[in-house]
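Me: Can you walk me through this one? I have the sequence and the coordinates open.

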Amino acid sequence: MSGWLSWVGGKRDNKNAARDAIIGLREQLHLINKKEEHLLTKIEDEHRKAKANVTTNKRAAQAALRQKKMYETELDRLSGNRMTLETQVNAIENANMNLETMRAMQRGSAALKNIHQNMDVDKVDNTMDAIREQMTLSNEISEAISNPVGIGNDLDEDELRDELQELEQEELSERLVGADAVPAHRPPTSMPSSVSDAPTTSSQRPSARPETDEDEELRALQAELAM
């Protein structure tokens, strides 16, 4: 490998050396292909000569066949050379691809190392713990801010119940007093058949107030309390 690198330039880097080697090999392959085409033409010519003289001039036909064999031997040799050169081209291309891949991997590894030089698992865990702690603190602060200050914290539930019972008793007493003031129900008297039958008074007596549903409820409540 070192001899090959010195052959392509010595001080050139591997990328340029591989490129130059591939170019040289492909140029040689092009020359071999041209030579093979020329030999194929010669072989066809000698074959036609031998076929044309096979009955009339056997010596000429035999010479043509001998020349044809020589061309075929040289063609086989060139074919072997071409296969060797193609194998080298493929090997160099693969090696160059591997080299570029390795360089890319090395650059990636160096970049990761540079990124992770100030980072490790413990630092990540500490950072995540700090984030969770701050989130918990933020939630506690939000909850504390959302609670009203001085409202409902010092109230005595027993005192509220006592006050509610007093209000209910006052309301009940007021309704009972109102029920005592309601006049008792009297059955309606028959109206006089004529104006002459009605008693004559200096002033007309006011008619009784019609009984309402509220009056009935008050009397029912009064009856229940009297039991």
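Reply: Helix H3 has 59 residues, which at 1.5 Å a residue should span 87 Å, and its end C-alpha atoms are 86 Å apart, which agrees. The expected span is 1.5 Å times one less than the number of residues. Helices here are DSSP runs (H or I, at least four residues), numbered from the N terminus.

Me: What kind of model is it, and how are residues numbered?

Reply: This is a predicted model: local features need pLDDT of at least 70, side-chain atom pairs count only at pLDDT 80 or more, and totals for chains, interfaces and linings use all residues. Residues are numbered from 1 along each chain as its sequence is written, and side-chain values use heavy atoms, without hydrogens and water.

Me: Which residues of H3 are buried?

Reply: Among them are Ala61, Lys68, Tyr71 and Ile92. Buried means under 20% relative accessible area, exposed over 50%, partly exposed in between (1.4 Å probe, protein chains only).

Me: And Ala60, where does that lie?

Reply: Ala60 lies in H3, residues 58–116. Ala60 is partly exposed, with a relative accessible area of 27%. Its C-alpha atom is 7.8 Å from that of Lys49, eleven residues apart along the chain.

Me: Switching topic: where is Met128 found?

Reply: Met128 is found in helix H4, and is partly exposed at 37% relative accessible area.

Me: Where is Asp162 found?

Reply: Asp162 is in helix H5, residues 157–180. Its relative accessible area is 44%, so Asp162 is partly exposed.

Conventions
Helices (H or I, at least four residues) and strands (E, at least two) are DSSP runs, numbered from the N terminus.
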